[in-house]
Amino acid sequence: MQQEEQLSGEESLNLINRMIQEAKGYSYETGLAAIIYGFTAIVCSGLSFLREKEIIQFPFHPFYLMVPVFFIQSWVQYREEKKKLAKTFTDEAIDYIWIGFFLCVLAALCAGFAGIHYIQISFIIIVAALAAFLTGMVSKMRYMIVSGFICWALGIISFFVLNPYIYLLLTAVAIVIYVVPGFLLNAYFKKQHHGR
Amino acid sequence: MFKELDPILHSQLRLAIMSLLISVKEAEFTFIKEKTNATAGNLSVQVQKLKEAGYIDVTKEFKDNYPNTTCHITQQGIKAFEEYVKALQEYLKVGQSR
């Protein structure tokens, strides 16, 4: 591109439009972080269900397994961020949505210390639905919008399942909002960056 | 009376750089080079001109032991870009009505 080339008004507007579309279309998201979280949430929910049904013994609440995974996921995220050539406003907005979600989850888990069980899982499912819906709206990813509605429906169902089976609903939520989009993002990433 | 088009922005490469930077929070030099298809030398000169005009901020740091340049648009740059687009639209409107 030659810098001194003078443009007509129309050419300038076309150039602006083209560059804005180029920048907005940029993404560097492997989906790996979502896949890691998704499978961990499935394992933790499954173990919690088995523990509550007294099928297995577990020395601590299985959801504490999320703590080391959080650090692994943060490392994966950090490495991914370093490879990004541009940070878009969409990326930033999605980061804030999920930070808000995790803070809500941490706050909800404190209900366990007050001796409250299960209802906080319903709350987590509803907040997860909100995070998925907002992510879908911001990123224009239709799948996430639909997954938000699915999770809201699961959230409503969970009010009627305030027993160990609620962990199975949580497993379904993990599949819908983490595992499936993680693999979708990974496939898109491979197609965009490796032409596969 | 027409507003004069900003000479800093009214050049193909500088306008392309500004259009990219207005759409993202920040972008690396390699990203801008890839999207504009400009040569590194030419791009450096134009980035410097935009920096001197106060339209963009340039941060130089090391990333994995390699020098890395990151650019982001300033408030002044956003204002100048908006005024430029407004002026362009006025020109085009008059052109179409003739």
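Colleague: I have the model open and would like to start from one residue: which residue in β3(B) is the bridge partner of E28(B)?

Modeller: The bridge partner of E28(B) in β3(B) is T70(B). Before we go on, note that this is a predicted model, in which local features need pLDDT of at least 70 and side-chain atom pairs count only at pLDDT 80 or more, while totals for chains, interfaces and linings use all residues. Residues are numbered from 1 along each chain as its sequence is written, and chains are lettered from A and ligands numbered from 1 in the order in which they are written.

Colleague: How many bridges join β1(B) to β3(B), and in which sense do the two strands run?

Modeller: Strands pair if DSSP finds at least two bridges between them, and strands (E, at least two residues) and helices (H or I, at least four) are DSSP runs numbered from the N terminus. Here β1(B) and β3(B) run antiparallel and are joined by two bridges, and in this part of the model A27(B) stands opposite C71(B) of β3(B).

Colleague: What do β2(B) and β3(B) form, and how many residues lie between them?

Modeller: They form a hairpin with two residues between the strands, and D64(B), in the turn, has a positive phi of about 50°. The strands themselves, β2(B) at residues 56-63 and β3(B) at residues 66-73, pair in the antiparallel sense over eight bridges; along them, I56(B) stands opposite I73(B), and D57(B) stands opposite H72(B).

Colleague: In what order do the strands lie in the open sheet?

Modeller: The four strands have the order β1(A)-β1(B)-β3(B)-β2(B), with antiparallel pairing. At the edges stand β1 of chain A and β2 of chain B, each with a single partner strand, so one side of each is left without a neighbour in the sheet. From one strand to the next the twist averages 20°, where angles run from 0 to 180 degrees between N-to-C directions and axes are lines fitted to C-alpha atoms, for helices over the stretch in contact. Packed on this sheet is α4(A), which touches β1 of chain A together with β1 of chain B and whose direction makes about 60° with that of β1(A).

Colleague: Over how many bridges does β1(A) pair with β1(B)?

Modeller: β1(A) and β1(B), the latter at residues 24-28, pair in the antiparallel sense over three bridges, and K87(A) has E26(B) as its bridge partner in β1(B).

Colleague: How many residues of each chain are in contact with the other chain?

Modeller: Contact is judged by C-beta atoms, placed from the backbone, that lie within 7 Å. By that rule 24 residues of chain A are in contact with 28 residues of chain B. On the side of chain A that touches chain B, α1 (9-24), β1 (86-88) and α4 (89-109) each supply at least two residues, and the largest share, 11 residues, comes from α1(A). By class, that side of chain A has 11 nonpolar, five polar and eight charged residues, with Ala, Val, Leu, Ile, Met, Phe, Trp, Tyr, Cys and Pro counted as nonpolar, Asp, Glu, Lys and Arg as charged, and the others, Gly among them, as polar.

Colleague: At what angle do α1(B) and α2(B) pack?

Modeller: Two packed helices are described by the angle between their axes and the distance between the axes. For α1 (residues 12-23) and α2 (residues 29-36) of chain B the angle is about 120° and the axes are 10 Å apart. The two helices are therefore oblique to each other, since angles under 35 degrees count as roughly parallel, over 145 as roughly antiparallel, 65 to 115 as roughly perpendicular and the rest as oblique. The contact is made by L13(B), A16(B), I17(B) and L20(B) of α1(B) together with I32(B), K35(B) and T36(B) of α2(B), and by class it has five nonpolar, one polar and one charged residues.

Colleague: Where does E54(A) lie, a residue that is not a glycine and yet has a positive phi?

Modeller: Most residues other than glycine have a negative phi. E54(A), with a positive phi of about 60°, lies in the loop between α2 (32-52) and α3 (66-83) of chain A. With 8 C-beta neighbours inside 10 Å, E54(A) counts as exposed; a residue is buried at 20 or more such neighbours within 10 Å, exposed at 12 or fewer, and partly exposed in between, with C-beta atoms placed from the backbone. Y118(A), in the loop between α4 and α5 (119-139) of chain A, has a positive phi near 75°, and with 17 C-beta neighbours inside 10 Å it counts as partly exposed.

How values were computed
Contact = placed C-beta atoms within 7 Å.
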